[in-house]
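Look over the sequence and the model below. The report then covers a sheet and a helix.

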Amino acid sequence: MKHYPVYLSVQGQHIALSGGADAALAKLRLLMKTEAQITVFAPEAAAEIRDWATQGKLTWVPRALEDGDLGKEVLFYAADEDEAEDARTAAIARKAGVLANIVDNLQDSQFITPAIVDRDPVTVAIGTEGAAPVLARAIKAELEERLSPNLGMLARIGKTFRKTVEVLPFGRARRDFWSDYYFNLGPRIETQGESAAQRALNELLVDHVNISDAPGHVSFVGAGPGDPELLTLKARKALDKADVVIYDRLVAPEILELARREAVLIDAGKTPYGQHTPQDHINALMVEHAHDGHQVVRLKSGDPTVFGRLDEEMDALDAAEVTYTIVPGITAASASVAAIGQSLTKRGRNSGVRFLTGHDVEGFADHDWRTLASPGEVAAIYMGKKAAHFIQGRLLMHGADPATPVTVIENASRADQHLITTTLATMAHDLSEADLSGPALPLIGLNPRAEALAHAEGQAKAAH
């Protein structure tokens, strides 16, 4: 991010602009929506600028900008549409300590003005770092169509009501009230005028004050394999509502970024042979925050129903009389097999697939290994890096073909996804040599399709 977006207070502040033609007019039409004091420097000015000056909407100085003219301004726009003149006036601004923007010159500007959707006091700023103004305008046009012209009126009324709403407890109760106002009541009464909206808002507050404290709730949410675009819509909504997010080690940082800024994020990671959050502590955290009336998201990588100790956590919530829901996610096996262009089952090859965890394979009976060692069988080994040597030995001992293909996918679906193709005979050695640091899932019995392998090799070369 080269440009940090902020909303600058310009009420009563001074903004200066150099230029009197089309570029200046385009900037002034936006600037005049603010409560700033605007001064225009231009030897010649368009008729609209002269009219605005006559009406007292801005000050026009009928000459070029000179040294000493600036100093009290917070912003300056160079809009003379002349490269040399823009450079000269921008230099005067910088010398005076005023931030300068040169119209259509991103490189030499100290700030940029985004595309703006105006529903005062609601404003949406859209920026593309100057890289794609056409895209910014397209997004602006779409938002203009979607946002009601009366949204500003609702927001103005809501702003005057904020102190009154403090009668509700801080946190969820207030959020529920404002959500009810803006997304349920507001659209119904927005065309009835400010007086009607004010009365309806008072009635709504009475309703919310009379509502008993809503109980807390836990959502077990699948974060998927890592790519934020693979999150379900239901998972996104749960994160948006969460007061507390208790997350696992393998949840990608990009997904945690989707939680509300006010949400409490609690790392409950379990690193093999390293940091370990006891399961009883995780259970207690969920119960404690739910009993406090919070919306809790227990965020698990992949799908919470696959090797996620979900039953233990549900039992703890049942015992504490805490309600919960399960939001499925895309499990690592699905993302991994998609990465290699294969399917987990195939007519004529295998009608079933085994999902195993490397932590539990030592409990397999001999007949399970014998079945898995049969030709055409497919298995996905979760947390299988440490158990690779054991799995290899058991399968070979029970008659598996040493040439059985094995594909290992590290960081499935993420930008740093990495494929390793090997065989059962060399699986343990190749995994050890690869020195993988991210989550890796071996798929036994599957090779990547040629197209998927070529794509992976091309990405690896590009990364280096």
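What follows describes strand pairing, helix packing and helix geometry.

## Basis

This is a predicted model, in which local features need pLDDT of at least 70, side-chain atom pairs count only at pLDDT 80 or more, and totals for chains, interfaces and linings use all residues. Residues are numbered from 1 along each chain as its sequence is written, and side-chain values use heavy atoms, with hydrogens and water left out.

Helices (H or I, at least four residues) and strands (E, at least two) are DSSP runs, numbered from the N terminus.

## The sheet

Five strands make an open sheet, ordered E13-E14-E17-E15-E16, with mixed pairing. Strands E13 (354-357) and E16 (418-423) are at the edges; each has a single partner strand, so one side of each lacks a neighbour in the sheet. Twist averages 20° from one strand to the next. Pairing requires at least two DSSP bridges between two strands.

E13 and E14 (residues 379-382) run parallel, joined by four bridges. Phe355 has Ala380 in E14 as its bridge partner.

Helix H12 (residues 332-339) packs on the sheet and touches E13, E14, E15 (405-410), E16 and E17 (440-444). Contact means heavy atoms within 4.5 Å. The direction of H12 makes about 70° with that of E17. Axes are lines fitted to C-alpha atoms, for helices over the stretch in contact; angles run from 0 to 180 degrees between N-to-C directions.

## Helix H6

H6 (residues 172-189) has 18 residues. Its buried residues (under 20% relative accessible area, 1.4 Å probe, protein chains only) are Arg172, Phe177, Trp178, Tyr181, Leu185, Gly186 and Ile189. Their cover includes helix H5 (151-160), helix H7 (194-210) and strand E11 (295-300).

Key
Expected span 1.5 Å × (residues − 1). Buried < 20%, exposed > 50% of the residue type's maximum accessible area, 1.4 Å probe, protein only.
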